[in-house]
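Subject: Structure handover

Hello,

Here is the structure I said I would pass on. My notes on what turned up follow below it.

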Amino acid sequence: MRTHPGRVAEVQLHSGAASVLIACPAEVVPAAGQYLLAVHGGSIQATPLFLADSWSQGFLAAPPYPGSWRPGTELVLYGPVGQGFHLPADVQRLALIAFGETNTRLLPLASSSRSERYSMTLFSDAPLAELPPDLEAYPLQDLQESLSWADFYAVEAPLDRLESLGEHFSNTPQGLPALRGQVLVQASMPCSTLGDCGVCAVKVRRSWKLTCKDGPVFDLQGILKGAGW
Amino acid sequence: MTYELAIQKYDLDISPPLMNAAGSLGFAPEPGGPVDYSQLGAFITNPISLRSRAPAGARTCLPYPGGFVLHTGYPNPGLRSVIRRYASRWARAKLPIIVHLLVDSVDSVSRMVPRLEGLEGVMGIEIGLPPDSDPRMAFDLVQAAVGELPLIVRVPMERAGELTEALVESPLTAVSLAPPRGTLIDKHGGTVRGRLFGPAVFPLALANVQDVVETGVPVIAAGGVYEPWQAEALMEAGAIGVQLEAVFWNLGWQRSGE
């Protein structure tokens, strides 16, 4: 895999959160849940860039991004890397659940091309970006009432919230072991997949996996079992 | 840049005298990624302990101006598992392999070193002294590590001069410099102590190279090197080689494809 040139084309503000439009070759645009690594002159660490929305000349990257980036900032991009979301073909009712401070990394699953396949609902307490017209959004406190509705869960959660993840699903009528879903783990990934440094390590079933390489999207059951649920 | 000096006269054949630092590039070279291994004269593995180590519960990476603090706990599957998984890749690697061992006792060193002797592709051992090592402990650990393979001893940078003095008579090939340690406040108000990386470390590294050179023990420098001029400066200060670390994570140091 080689590096590619990129550029910050524009900074967009939605509900107080800033996203950046990244101009780049089409072949490096990450899929939902995957990411690119981006560096610029003067950077000390690479920044992971996740897809928030499509764009004809590249993609809209979800926050956060370095405060030093401005429109015109030249980037070097590596990727896409990581395992993204892969929804089974038979999903009919998709619950998007964001437990962290952002929910934009889940929004590519709500694109118009996908919404024809399934109905979907977003549960999040984070500020809402511009949502597709057919995506309903509710606060996390309403999640319990909707557990019996969804047949698949796409979750975004910080690393330090994974241990308590099972609490939010413990009252599901079908029981925890029957839940189908995937979890996009939010973790600091300082070694850019190169060092096996372990900062992003997550317990999946009985094994330690690295969010940067083995994820960032993992099977929901693996995460629940790894957390002891 | 070109290096005319190779680490050949110290029982190590490392040409050019550049290598990655332990903990920067995993347990074996992985071709096909952004790292240009042709720029390196050797590959140093991630730190490996006798028994497996889980990631630290409070593992984190905290940035600060000029660098970042890293606390990981040095997770690794243990020496036996690492050899089982990676020995064949070490044998096929185009770079000579130096295996880095996490050592905390004479017993663990004595049990690990013999398992590496005779492995194809492994041309040396680097042992990482614990941060709280005293001169006597350092001497004993080094004595236990002496065997058939050339030995590099990674000393805590903050005490490089003091500990190297204690090893002057030891049959080691060289010392190298471990990342310095520091403390930051995390977002929850707690303190995080860990290894320091980033360009801000370079002045510390250069100063400590100068200290170690005075002992007469060969030193392989490391710390905050992001540009070729910094590696040159360390060599001009007397280092016989340079280890690169977090610059790789910034997709830097002559990325493949450029």
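Asp196(A) is buried, with a relative accessible area of 14%. Please keep in mind that this is a predicted model. Asp196(A) forms a salt bridge with Lys213(A), and the closest N and O atoms are 2.7 Å apart. Lys213(A) sits in the loop between strand S13 (207-210) and strand S14 (217-219) of chain A, and Asp196(A) in the loop between strand S11 (181-186) and strand S12 (201-204) of chain A, so the pair ties together parts that are 17 residues apart in sequence.

Across the interface of chain B and chain A, the rule finds one salt bridge. Salt bridges that share partners join Asp196(A), Lys213(A), Glu30(B) and Arg89(B) into one network.

The interface

On the contact between the two chains, 37 residues of chain B touch 26 residues of chain A. The buried area between them is about 2,300 Å², and carbon and sulfur atoms give 58% of it. Which three residues supply more than any other three of the area that chain B buries against chain A? They are Arg59(B), Trp249(B) and Leu251(B), which supply 26%.

Five residue pairs are in polar contact between chain B and chain A, counting pairs with both residues at pLDDT 80 or more. On the side of chain B that touches chain A, the elements giving two or more residues are strand S3 (60-64) and strand S4 (67-71) of chain B. S4(B) gives the most, with four residues. By class, that side of chain B has 17 nonpolar, 16 polar and four charged residues.

Other salt bridges

Over all chains, a search of the whole structure finds nine salt bridges. One of them pairs Glu156(A) with Arg105(A), with the closest N and O atoms 3.8 Å apart. This pair links distant parts of the chain, 51 residues apart: Glu156(A) is in strand S10 (residues 152-158) of chain A, and Arg105(A) is in the loop between strand S7 (93-98) and helix H1 (112-115) of chain A. Glu156(A) is buried, at a relative accessible area of 0%, and Arg105(A) is buried as well, at 11%.

In chain B, Glu162(B) forms a salt bridge with Arg159(B), where the closest N and O atoms are 3.2 Å apart. Here Glu162(B) is partly exposed at 42% relative accessibility, and Arg159(B) is partly exposed with a relative accessible area of 23%.

Two residues of chain A

Thr102(A) lies in the loop between S7 and H1 of chain A. Is Thr102(A) buried or exposed? Its relative accessible area is 13%, so Thr102(A) is buried. The side chain of Thr102(A) makes a polar contact of 3.1 Å with the side chain of Thr104(A). Leaving aside neighbours within four places in sequence, Thr102(A) is in contact with Pro63(A), Ala126(A), Glu156(A) and Gln186(A). Glu156(A) is the residue that forms the salt bridge with Arg105(A) described above.

Ser148(A) is found in the loop between helix H2 (143-146) and S10 of chain A. Ser148(A) is exposed, with a relative accessible area of 51%. Not counting residues up to four places away in sequence, Ser148(A) touches Pro173(A) and Gln174(A). From C-alpha to C-alpha, Ser148(A) and Gly175(A) are 10.0 Å apart in space, and they are 27 residues apart in sequence.

A helix of chain B

Helix H3 (residues 135-145) of chain B has these buried residues: Ala138(B), Leu141(B), Val142(B), Ala144(B) and Ala145(B). Seen down the axis of H3(B), they fall within an arc of 160 degrees, so they line one face of the helix. An α-helix has 3.6 residues a turn, so residues three or four places apart point the same way. What covers the buried residues of H3(B) includes helix H2 (106-116), strand S6 (122-128), strand S7 (151-156) and helix H4 (160-166) of chain B. At the start of H3(B), a side-chain oxygen of Asp134(B) comes within 3.1 Å of the backbone nitrogen of Arg136(B).

Regards

Terms used. Residues numbered from 1 in each chain as written. Chains lettered and ligands numbered in written order. Predicted model: local features only at pLDDT ≥ 70, side-chain atom pairs only at ≥ 80, totals over all residues. Heavy atoms only, no water. Contact = heavy atoms within 4.5 Å. Buried area = accessible area lost by both parts, 1.4 Å probe. Salt bridge = Lys/Arg side-chain N within 4 Å of Asp/Glu carboxyl O. Polar contact = N/O pair within 3.5 Å; in protein donor to acceptor, adjacent residues only side chain to side chain. Nonpolar A, V, L, I, M, F, W, Y, C, P; charged D, E, K, R; others polar. Buried < 20%, exposed > 50% of the residue type's maximum accessible area, 1.4 Å probe, protein only. Arc of directions from axis to C-beta.
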